[in-house]
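Subject: Structure handover

Hello,

Here is the structure you asked to look at. Please open it alongside this email; my notes follow below.

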Amino acid sequence: MDVVVRGVRGGDVEWVAELKAAVMRGDLERLGRYEHHRARQLVRDSFGGEHSRVIEADGEAVGSFTARPGEGGLVLEHFYLAAAHQGRGIGTRVLEEVLARADAERVAVRLTVLRGSAARGLYERYGFTVEAEDEVDVRMVRAAVR
């Protein structure tokens, strides 16, 4: 499988807004936090620009992420992968690339995952630890490599 990470093009923001709504709906509903408009608007307000990327597998857009500078390192957000493409190693490959960048820059990586999300296990396998949590979000950090 050929996985490519590319910059954002016209129309991608709306596609990512729909992807987020589809991928996260179950967890957001479980937490009592799903709002049709809000799920999409947060992406519209913050996805795009020089730090956002679209993930393609064999020429098809299948996911997204943003790895932006902030909080003394990188902040990983908008990391979504279409359900049909989960469990195929794509998200792991992308995460490894982001972590390799952070290691080269010797900076920490922070992210937020929904409480109860299966993605938390992936992040823990890669050295992320809980920094803070509330009834909805778990804020995680992977320390900078020294």
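What percentage of the 146 residues in the protein is made up of buried residues? Buried residues make up 42% of them, where buried means under 20% relative accessible area, exposed means over 50%, and partly exposed lies in between (1.4 Å probe, protein chains only).

Some notes on the source. This is a predicted model, in which local features need pLDDT of at least 70 and side-chain atom pairs count only at pLDDT 80 or more, while totals for chains, interfaces and linings use all residues. Residues are numbered from 1 along each chain as its sequence is written, and side-chain values use heavy atoms, with hydrogens and water left out.

Overall build

The protein has four helices and seven strands. Helices (H or I, at least four residues) and strands (E, at least two) are DSSP runs, numbered from the N terminus. In order from the N terminus, the elements run β-α-α-β-β-β-α-β-α-β-β. The radius of gyration is 15 Å, close to the 15 Å that the globule rule gives for 146 residues, so the protein is as compact as a globular protein of that length. That radius is taken over C-alpha atoms, and the rule is 2.2 Å times the number of residues to the power 0.38. The C-alpha atoms fill a box of roughly 40 × 35 × 30 Å, taken along the principal axes.

Of the contacts with a separation of 6 or more, 57% are accounted for by residues 24 or more positions apart; a contact means heavy atoms within 4.5 Å.

Salt bridges

Side chains of opposite charge can pair when their charged atoms come close. How many salt bridges does a search of the whole structure find? The search finds 16, a salt bridge being a side-chain nitrogen of Lys or Arg within 4 Å of a carboxyl oxygen of Asp or Glu.

One of them joins the side chains of glutamate 56 and arginine 9 (3.5 Å, N to O). Glutamate 56 lies in strand E2 (residues 52–57) and arginine 9 in the loop between strand E1 (3–7) and H1, so the pair ties together parts that are 47 residues apart in sequence. Glutamate 56 counts as buried, at 13% relative accessibility. A network of salt bridges links Arg6, Arg9, Asp12 and Glu56.

Another salt bridge is between glutamate 105 and arginine 101, with the closest N and O atoms 3.2 Å apart. Both residues lie in helix H3 (residues 90–105), four residues apart, about one turn of the helix. Glutamate 105 is partly exposed at 42%, and arginine 101 is partly exposed at 33%.

Glutamate 77 and arginine 68 also meet through their side chains in a salt bridge (2.7 Å, N to O).

Two buried charged residues

Lysine 20 lies in helix H1 (residues 12–30). Lysine 20 is buried yet has no salt bridge, and the nearest side chain of opposite charge, aspartate 137, is 9.2 Å away. For that search, Lys and Arg count as positive and Asp and Glu as negative; His and the chain ends are not counted. Leaving aside neighbours within four places in sequence, lysine 20 is in contact with Arg25, Ala39, Leu42, Val43 and Tyr80.

Arginine 110 lies in strand E5 (residues 108–114) and is buried, with a relative accessible area of 17%. The side chain of arginine 110 reaches the backbone oxygen of glutamate 71 at 3.0 Å. Not counting residues up to four places away in sequence, arginine 110 touches residues including Glu71, Leu74, Glu131 and Arg139.

Regards

Conventions: A polar contact is a pair of N or O atoms within 3.5 Å; within protein, one must be able to donate a hydrogen and the other to accept it, and residues adjacent in sequence count only if both atoms are side-chain atoms.
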